[in-house]
Amino acid sequence: MPSPQSSGPGALPRSVFYVAAIVMALLHVFVTFRGLSSVEGMNQAQLARQISRTGSYQTLVTQPYAWAQMEKAALQPSPTAMPETVQPPLQPLLWSAVFRMLQPWQVYDPQAGGAIYLLDRVVASFGVTWYLLTIFFTHGAARRLFDEHVASIAALALLVCHPAWELMVSGSPRALLLPLFALAFRLYASASCRAAENRGIFAPLAVLGAVCALMVLTHWMALWIVLGIIIGVTVFLPGGKAGALVVALFPLLALVAWGWWNTQLCGEPLGGIRALFQAQSSTVALDSLLRDFTPSVALIQVHELLRHVGLGWQDQLAHLYAHLGYVVPALLFFIALLHRFKTAETAAACWMLALVFFCVALGMGLLGLANVEKDDNALYIVLMPAMSVLGAAMLVVLWSRFHVSGEFLARWGAPLAALGITALPLLVNLPVLMKFGLTMGSKIPPHWPPFLPERAYILRLLMEKNEFVISDSPAFVAWYADVPCVNLPVQRVDYETMKAKAAERGVKLAGFVMTPVSAKVERITDLYTGPYSEWRDLIIRGPMLAFDKDFAPSPEFPYKVPIPLVGTSVGEKENISLSMVFYTDKPRAMKKPPVP
């Protein structure tokens with residue numbers, strides 16, 4: 001962001017920038033906001049709400065993988081009071097502090113409070129605040145490495161990046177990673193400049209290490225970012241080996257502390273996040289591993305793993321522009337790698353960032369990104385602000401060689417073209433969303449499919465206090481319905497085991513909630529071969545009811561009573577297609593909402 005100086009020839013542009021940034025933040029929280037769209041965001045939000053209520057690290061979302069770990073450790077967990085061992089703690093803890101002050105409004109009630117959940121707006125407010133900090137830190141790094149001109153281009157590119165604004169209000173943990181990595185890049189730039197000036201670098205590196213620890217506690221895949229930073233410090237900073245030890249110490253201590261905590265909860269230092277590392281060392285999808293109550297990961301086949309990584313890179317490189325938020329200066333970062341910068345500190349920052357990008361690409365290739373750039377594990381966009389700094393500098397260098405006449409065009413010709421292309425998604429989408437928001441208010445269309453919060457709320461009125469459900473979208477159900485929910489297991493037989501173990505602890509399975517999450521396939525045959533193949537009867541039954549063809553489950557399956565949550569008419573003579581449905585074992589009537 002521009003410096004706080006209030007007078008001089010740049011005072012007006014700075015003021016306009018400040019106003020534009022604040023207006024953009026307010027628009028995305030109070031006008032165009034349609035609720036949370038990130039699955040991990042919903043998961044961490046319900047965790048934060050439970051922390052604020054109970055004062056303990058409990059979750060309403062149960063992953064079968066984590067449940068199996070606790071059963072193996074003879075801890076006798078219950079779906080209604082399940083310790084959390086999968087989600088990183090930083091973002092939920094930050095949210096829980098505010099949620100605790102909003103206890104009277106913690107229960108989502110679309111009839112009384114509108115279709116948009118108040119706590120969703122709180123989460124979105126956190127996100128836009130993080131983005132304003134990201135712009136501030138990025139501008140500071142650009143000024144430290146280059147000048148005000150390059151810093152302004154980078155800041156403006158972030159201001160008009162529509163995918164980044166959408167990410168910040170989604171609830172995704174990547175939203176918190178953005179300012180943390182921007183701050184890390186700013187600290188690295190500071191350390192590099194201080195080293196070039198023969199000044200001490202211990203203080204910025206110590207703070208950098210603390211920031212790296214926060215990144216690891218925000219998103220487990222940030223380990224790849226931290227690895228790149230540590231290597232960059234080692235290779236490109238004078239006295240880098242000692243500096244790398246300083247940086248590495250803080251995330252190492254954070255991970256050791258978290259491993260000790262997980263050991264107390266489930267007897268396993270890695271906890272449920274062990275599935276993430278197994279997913280990166282095999283070709284099995286992370287979601288499928290987390291849904292497995294009887295996990296058995298196959299032995300590593302090197303050729304299959306290499307093919308998996310290659311296919312991942314092929315897909316990610318094909319969508320790289322989208323991964324970087326359609327920011328042209330960020331894309332030009334790769335050209336900057338071919339340029340010899342005059343100062344050693346700038347070159348060091350450039351190559352450190354290249355190392356971080358390589359490490360992130362390696363991690364993303366090993367893991368795979370099912371939802372491409374919108375995947376909660378897609379970390380390329382976290383590097384986008386820093387890449388925009390180097391890319392903006394390269395753009396200025398290249399444009400200056402054309403010797404264009406006229407002072408304004410000589411400085412802003414190519415940068416304005418790059419910013420215009422970057423702003424294209426914003427110009428196309430924001431006016432439409434503003435129109436919807438201003439005319440429909442809280443009735444603005446949600447992220448349907450697959451999420452329709454006001455219909456999930458009905459579950460809260462249908463269930464008893466000691467009941468839980470199983471769903472293909474457990475974070476969505478737990479966040480909006482505020483009921484315990486278990487992720488749909490991969491093997492159908494496992495649900496009987498979980499049901500029996502829950503019954504031993506006084507908790508009853510109320511039924512299954514099926515949403516468009518499991519029904520999203522490229523071909524209808526994928527329902528019989530995909531990750532939800534053993535539940536195809538529950539997936540197909542809702543749509544088939546529209547044609548008077550009941551795709552009934554097996555006779556021994558007790559949860560046969562369908563309670564429609566979302567129904568869509570498909571014609572005049574046909575019935576209603578049930579896009580979201582609650583399958584239970586008995587007819588249920590809605591009751592008065594329970595007090596949490």
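1. Tyr 117 comes out as buried, at 2% relative accessibility; buried here means under 20% relative accessible area, exposed over 50% and partly exposed in between, with a 1.4 Å probe and protein chains only. Bear in mind that this is a predicted model, where local features need pLDDT of at least 70, side-chain atom pairs count only at pLDDT 80 or more, and totals for chains, interfaces and linings use all residues. Residues are numbered from 1 along each chain as its sequence is written, and side-chain values use heavy atoms, leaving out hydrogens and water.

2. On aromatics, the whole structure holds 29 pairs. Rings of Phe, Tyr and Trp (its six-membered ring) pair if their centres lie within 6.5 Å; planes under 30 degrees apart are stacked, over 60 edge-to-face, the rest tilted. Tyr 117 and Trp 479 make a tilted pair, 4.8 Å centre to centre with 50° between the planes. Tyr 117 sits in the loop between helix H5 (110-113) and helix H6 (118-145), and Trp 479 in helix H25 (residues 474-481), so the pair ties together parts 362 residues apart in sequence. Helices are DSSP runs (H or I, at least four residues), numbered from the N terminus. Trp 479 is buried too, at 0%.

3. Now Phe 333 and Phe 334: with ring centres 5.6 Å apart and planes at 65°, the pair is edge-to-face. Phe 333 is buried at 1%, while Phe 334 is partly exposed at 28%.

4. Back to Tyr 117: ring pairs link this residue into a cluster with Phe 99, Tyr 108, Phe 451, Tyr 457, Phe 476, Trp 479 and Tyr 480.

How values were computed: Helix = DSSP H or I, 4+ residues; strand = E, 2+ residues; numbered from the N terminus.
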